[in-house]
Amino acid sequence: QLQASGGGLVQAGGSLRLSCVASGRIFSIDDMGWCRQAPGKQRELVATCPTAGSTIYSDSAKGRFAISRDNAKNTAYLQMNSLKPDDTAVYFCTALIRRYGTYVRTTYWGQGTQVTVSS
């Protein structure tokens, strides 16, 4: 299970920090990331932070957003700076998790947290 938090209403130019905590009997987390979906638009990748490999950002997130992980806490963060009205969306965290007792890796999705940026 993934629990996301940290969304809210902020003025353009402001900042927010999203958190995502993975819980359950976790053997390993190969990747954690964030996607977002604005009204009337498709869900899009914002950033991803694999355990092995480089972080990936969407073009719209580069230079403004930063993803990080605390592996000891099974938590991912998304620091969002210089927010724009176009960043308004529901933000979903996602994680590729292997649980104890299986070799299968499964992608989990959080419930989403609303980010609204006013102009």
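Tutor: What follows treats the cysteines, beginning with the disulfide. This is a predicted model, in which local features need pLDDT of at least 70 and side-chain atom pairs count only at pLDDT 80 or more, while totals for chains, interfaces and linings use all residues. Residues are numbered from 1 along each chain as its sequence is written, and side-chain values use heavy atoms, with hydrogens and water left out.

The structure holds 1 disulfide, a term that here stands for a pair of cysteine sulfur atoms within 2.5 Å. Its partners are cysteine 20 and cysteine 93, with an S to S distance of 2.3 Å. The two cysteines lie 73 residues apart and link distant parts of the chain, since cysteine 20 belongs to strand E3 (residues 16-22) and cysteine 93 to strand E9 (residues 89-99); strands (E) are DSSP runs of at least two residues, numbered from the N terminus. Because the torsion about the S-S bond of cysteine 20 and cysteine 93 is about 60 degrees, the disulfide is right-handed.

Cysteine 20 is buried at a relative accessible area of 0%, and cysteine 93 is buried at 0% as well, where buried means under 20% relative accessible area, computed with a 1.4 Å probe on protein chains only.

Turning to cysteine 35, its closest cysteine sulfur is that of cysteine 93, and the 9.6 Å between them is too far for a bond; cysteine 35 is buried, with a relative accessible area of 9%. For cysteine 49, the closest cysteine sulfur is in cysteine 20, at 12 Å, which is likewise too far for a bond, and cysteine 49 is buried with a relative accessible area of 11%.

Definitions and conventions. Helices (H or I, at least four residues) and strands (E, at least two) are DSSP runs, numbered from the N terminus. Buried means under 20% relative accessible area, exposed over 50%, partly exposed in between (1.4 Å probe, protein chains only).
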